[in-house]
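Please open the model in your viewer and keep the selection panel at hand.

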Amino acid sequence: TDNLVIKGNNLIALHTIKEKFAGKVKLIYIDPPYNTESLKFAYNDKFDQATWLTFMKNRLDVAKDFLRDDGAIFIHIDYKQLFNLKVLCDSIFKKENFIQLISVKTSSPAGFKTFNAGPIDVTEYILFYTKNKKSFNFKKQYVKTKYDPNYKYFIENFEQDSAKWVLKSINDCIYEENGIIDDKEAKLKWGTHWKVIKEQLIADFALKNKDKVASIRDPQKPSEKVNQLMILTKTDRNKVYSYQREDGSFGYIINGGALAFYGNKVRSIDGKETPTELLTDFWSDLSWDGIAGEGGVKLKNGKKPEALLRRIIELGSEPNDIILDYHLGSGTTCAAAHKMRRQYIGIEQLDYDDNDSIERLKNVINNDLSGISKFVNWQSGGEFISIKL
């Protein structure tokens, strides 16, 4: 039940602890050598093709044995070995257990990269496999998004019976609140950036009145009853008709479409209400800027943000589950797992001195405030055991 940080060859370490932990790990995340043929990393990143594939296969074979039947593995890689790794993983974890190829935007097209031939490389990838797809518990996740201008109607008399509802343009509501008649007057009052000001005011208004703000959408797979109401409201304009769904809730039809309420898009993320959308396979919202000092350690190349590991850990595990990373590096996986109250096993062969994962985890125990600490309400404490193999 202890948190373990093991220093030594990761293949030997995995075989050493396999008997104790086989079938008990809920989630594995690894950030292995990408085989870029670069010399800028402390570890070897220049293998010939067959050697790299053998290196990966030997470790993935034993790592699979660690996973619970409902477990998952996330493998971080860039484009150079992505397709070879996908074929290898299909053979180890089976194609039917492949869930998703996640694309992660890790940088912006700036600096020396703009001199590269072809489109600028700003993306890395995560291969997501389960041990047994049928046993894995999929959890919906949501990410912050901007105000959706389709939600442009405000119900003035929301407290009354829905048949009496009056829909008004949010744009008109904003202008009335600010004593403005039209766009021309808005431009005179707010100046050059009047459109930006108006858009922000509309977004704030929609969030504040989320349960009274709606859009008119085409319903998905409408029932016969809904179809009839849609036909009726195309002629009986601006009148709201309600109907009861199978789950007991009510739906509303107006002007040939269904009312979709903005409140259904709003959720609390990190303690703040915000419009959201479902997590997709393209992660462009995680910032790589300013992560150099996370955890009080530095890794010049290859360091991952704690926010990335938080998302992955939330996606594939629950508190007290065991997390494994056998390419630990500067310790991001274990640091995030510690703060998120998961048990963890980290394995790393290299010693990074003052920037080592052991130093980082000591900082976490002593109330490290960087990374995800604020968002998971990290308060210090806990322990881990360091082992040299």
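The crossing of helix 9 and helix 10 is right-handed. The model on display is predicted.

Begin by selecting residues 332-339, which form helix 9, together with residues 357-365, which form helix 10. The axes of these two helices lie 9 Å apart, and the packing angle is about 20°. Because angles under 35 degrees count as roughly parallel, helix 9 and helix 10 are therefore described as roughly parallel to each other.

Next, show the side chains at this contact. On helix 9, select Thr332, Cys334, Ala335, His338 and Lys339; they meet Arg360, Leu361, Val364 and Ile365 of helix 10. Classified by residue type, the contact of helix 9 with helix 10 comprises five nonpolar, two polar and two charged residues.

For the residues involved, select Glu306, Leu309 and Ile313 on helix 8. Their counterparts on helix 9 are Thr332, Thr333, Ala335, Ala336, Ala337 and Lys339. By class, the contact of helix 8 with helix 9 holds five nonpolar, two polar and two charged residues.

Finally, return to helix 9 and highlight Thr332, Ala335 and Lys339. These residues take part in the contact with helix 10 and also in the contact with helix 8.

Key. Residues are numbered from 1 along each chain as its sequence is written. This is a predicted model: local features need pLDDT of at least 70, side-chain atom pairs count only at pLDDT 80 or more; totals for chains, interfaces and linings use all residues. Side-chain values use heavy atoms; hydrogens and water are left out. Axes are lines fitted to C-alpha atoms, for helices over the stretch in contact, and angles run from 0 to 180 degrees between N-to-C directions. Helices (H or I, at least four residues) and strands (E, at least two) are DSSP runs, numbered from the N terminus. Angles under 35 degrees count as roughly parallel, over 145 as roughly antiparallel, 65 to 115 as roughly perpendicular and the rest as oblique. A crossing is left-handed if the near helix is turned anticlockwise from the far one by less than a right angle, and right-handed if clockwise. Contact means heavy atoms within 4.5 Å. Ala, Val, Leu, Ile, Met, Phe, Trp, Tyr, Cys and Pro count as nonpolar, Asp, Glu, Lys and Arg as charged, and the others, Gly among them, as polar.
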